[in-house]
Protein chains: 2
Amino acid sequence: MSERIEADYIIETATNLEKAAATMAGEQSSGTFTKVPGETPELIERAGARVEKLTVLDTVEKPSLPGAKPGTPIRQAKVTISWPLETIGLSVPHLSIVIGGNLFELGDFSGLKVDDIRLPESFLASGPGPGFGIEGTRRLSGVYDRPLIGTIIKPSVGFTPEQTADLAEELAQAGLDFIKDDELQAASPSCPFEARVDAVMDRLHRHADRVGTLPMFAFNLTGEVDDMLRRRDYVLKAGGSCVMMTLNAVGLSGFMAVSRQSPLPIHAHRAGWGALSRHPVLGWSFPAWSKLWRLAGADHIHVNGIDNKFCESNESVIRSARSCLEPLGKTKPCITMPVFSSGQTPRQVPQTYAGLGSRDLIHAAGGGILGHPGGPSEGVAEMRSAWDAQK
Amino acid sequence: MSERIEADYIIETATNLEKAAATMAGEQSSGTFTKVPGETPELIERAGARVEKLTVLDTVEKPSLPGAKPGTPIRQAKVTISWPLETIGLSVPHLSIVIGGNLFELGDFSGLKVDDIRLPESFLASGPGPGFGIEGTRRLSGVYDRPLIGTIIKPSVGFTPEQTADLAEELAQAGLDFIKDDELQAASPSCPFEARVDAVMDRLHRHADRVGTLPMFAFNLTGEVDDMLRRRDYVLKAGGSCVMMTLNAVGLSGFMAVSRQSPLPIHAHRAGWGALSRHPVLGWSFPAWSKLWRLAGADHIHVNGIDNKFCESNESVIRSARSCLEPLGKTKPCITMPVFSSGQTPRQVPQTYAGLGSRDLIHAAGGGILGHPGGPSEGVAEMRSAWDAQK
């Protein structure tokens with residue numbers, strides 16, 4: 001276990017850059033705000049985090065975040081910190097705190113964002129990784145050589161199980177490969193989980209009996225661990241082929257309690273992500289954050305979409321999506337299928353393909369398919385032919 | 001279940017304020033970016049979120065966050081949205097997404113922060129609440145009528161179990177009521193969890209045999225759910241009286257798998273919180289966010305400290321701490337003991353007491369006690385007498 005974990009940060013500070021980087025390494029390992037007796041040079045050498053690299057970037061006029069110590073110049077820099085595995089142990093949830101703990105609040109910084117992380121091969125043993133990934137998802141859905149065309153049950157909430165099933169059947173007939181609960185729909189008095197699974201799977205199986213393929217339906221398990229495990233098993237017994245969790249609701253420990261040895265692919269929804277990412281120099285970049293979830297077992301993960309209804313740039317969306325297809329390591333690549341979603345229509349297909357350079361994605365359009373003037377069948381057909389046209 | 005959940009937000013937008021608030025309600029319930037067939041007036045009336053109140057605040061010159069639609073004036077406002085319980089169900093993890101899901105990313109907004117939430121009595125059945133709280137913590141620690149004086153094992157990482165136990169014994173002899181693992185110390189090859197518990201509890205029990213009181217030691221369980229449950233039971237069998245989790249590592253579902261029917265108080269560490277809170281108009285306010293964790297079962301929760309080493313203002317610290325002592329509801333108050341920590345010394349005692357108006361807190365000083373020139377005993381004695389002096 002002599003390997004080290006590395007994290008890159010974009011920082012902004014009015015203090016000396018070397019000092020600021022050393023503060024980060026100290027705060028996240030053996031240091032505190034004052035010298036304590038046990039912090040010997042030997043202990044720091046063995047257990048301390050280390051500044052590996054420091055690259056000066058721009059100078060900015062005003063601090064990006066309030067509360068930092070004043071001074072000039074205010075400079076941005078890229079800093080790489082490393083930790084020995086011996087003091088972290090093999091735990092994905094705990095790693096998230098080692099990398100992204102108290103740092104965001106340090107008074108030396110007017111900006112701090114985790115930009116990327118690199119995990120040594122031995123740390124990859126700490127998570128299951130995607131149990132299905134691209135290959136398993138294609139096998140279960142019967143869709144090869146093109147993206148899965150997906151949609152979201154809309155209205156997000158308000159339908160009864162029977163109404164949900166009516167729509168699911170209509171969507172299956174329209175040719176969708178993938179259908180999901182909205183992240184706002186979990187288990188509720190107006191649409192109980194088990195009744196929804198029963199109603200939807202009954203219709204989808206009847207559809208499959210007619211046409212030979214069963215669309216993948218991602219049922220939103222989100223809740224407490226025991227409930228999620230029971231619901232996952234319920235979907236399995238009902239012949240379903242996918243389950244979903246909202247990552248920021250359940251957290252890494254809750255997620256891994258469900259993802260470990262999951263008999264069904266896990267569709268990972270990132271709702272709430274904006275709070276962690278929207279500010280340019282606060283929180284986490286998606287490539288860094290999603291590596292934790294990929295190792296934790298996400299088979300599919302949402303990356304927003306080109307020309308989305310949110311505020312994320314296309315460049316950022318593509319960087320996120322591409323990162324999902326880059327191996328985490330040699331022994332365990334943890335390739336997770338990116339899910340493009342949010343205001344999607346066939347118009348975004350060329351740029352999506354050009355940016356990602358792959359057809360290994362789920363392209364989900366909610367309103368774009370359900371609200372299509374010609375009905376869902378035409379919505380799906382247009383998405384399919386837009387993808388067929390990409391060479 | 002006709003009661004509704006309410007959330008207050010601080011928003012910033014260049015679009016019409018009524019329209020912006022309606023977009024929030026739509027996005028977080030039955031709406032999407034375009035009209036879909038199933039979204040009938042009856043469904044909206046029954047399942048939709050509702051704008052309850054809108055108060056215009058300041059006009060700002062520049063957008064606080066990038067990516068929003070341009071326009072003038074850019075106004076800030078306070079908006080209250082409500083949801084019917086029927087579509088949410090009784091789930092704390094899921095509620096976090098209903099309130100704080102995709103909203104942070106909406107292009108209509110250059111700022112959006114959850115400011116407070118109000119949970120109806122019937123929703124309070126969804127979480128266990130603190131199993132011990134103030135009363136249970138005082139009973140187990142034997143400390144009444146004054147704050148528990150606490151400290152953190154420092155260096156945070158690098159000590160073996162025996163070195164940790166040496167320090168724990170020294171701290172117990174110094175008179176500390178409460179000792180905790182640093183949030184960076186969970187379970188690692190250099191300090192395995194079980195060996196640490198064995199070594200520390202052996203010394204603390206010997207100390208208790210001598211003086212009659214057992215200091216509370218919060219062992220950091222943070223990891224996957226099965227590991228945390230096994231570790232919690234290990235602490236119980238070893239005669240320990242407290243366990244700790246880092247909230248942002250484990251997440252609400254993981255946390256509740258451990259907090260439900262926990263035989264030991266749960267010490268809730270908020271490391272990582274800065275990413276969700278540091279920007280004035282992005283993410284969550286502590287009173288809103290901590291209500292979820294209080295209902296989820298946090299017995300103690302970190303609130304930073306007066307004149308802390310981080311960038312949070314004293315006003316914000318006091319608002320956070322006071323909110324922990326305000327009941328969530330009549331049937332289930334969910335009072336959680338605030339933990340003041342970060343660069344604390346006796347100097348901060350008067351302002352802490354004046355601000356909180358209570359002695360129901362844990363006042364933790366790591367470096368302030370361990371790095372005290374006269375040694376930990378003098379550090380503790382000074383903290384105790386500073387509190388005794390408050391009338």
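How far apart do the C-alpha centres of domain 1 of chain A and domain 2 of chain A lie? They lie 34 Å apart. This is a predicted model: local features need pLDDT of at least 70, side-chain atom pairs count only at pLDDT 80 or more, and totals for chains, interfaces and linings use all residues. Residues are numbered from 1 along each chain as its sequence is written, chains are lettered from A in the order in which they are written, and side-chain values use heavy atoms, without hydrogens and water.

**View 1. The two domains of chain A.** Domain 1 covers 4-124 and domain 2 covers 133-388; the bounds come from an automatic or database domain assignment. Their contact (heavy atoms within 4.5 Å) takes 24 residues from domain 1 of chain A and 22 residues from domain 2 of chain A.

**View 2. A salt bridge in chain A.** Asp116(A) and Lys291(A) join their side chains in a salt bridge (2.9 Å, N to O). The term needs a side-chain nitrogen of Lys or Arg within 4 Å of a carboxyl oxygen of Asp or Glu. Between domain 1 of chain A and domain 2 of chain A, the count is two salt bridges.

**View 3. Helix α7 of chain B.** Helices are DSSP runs (H or I, at least four residues), numbered from the N terminus. This one, residues 193-211, has 19 residues. Its buried residues (under 20% relative accessible area, 1.4 Å probe, protein chains only) include Phe193(B), Met201(B) and His207(B). Just after α7(B), Gly212(B) takes a positive phi of about 95°.

Notes:
Helices (H or I, at least four residues) and strands (E, at least two) are DSSP runs, numbered from the N terminus. The expected span of a helix is 1.5 Å times one less than its number of residues. Buried means under 20% relative accessible area, exposed over 50%, partly exposed in between (1.4 Å probe, protein chains only).
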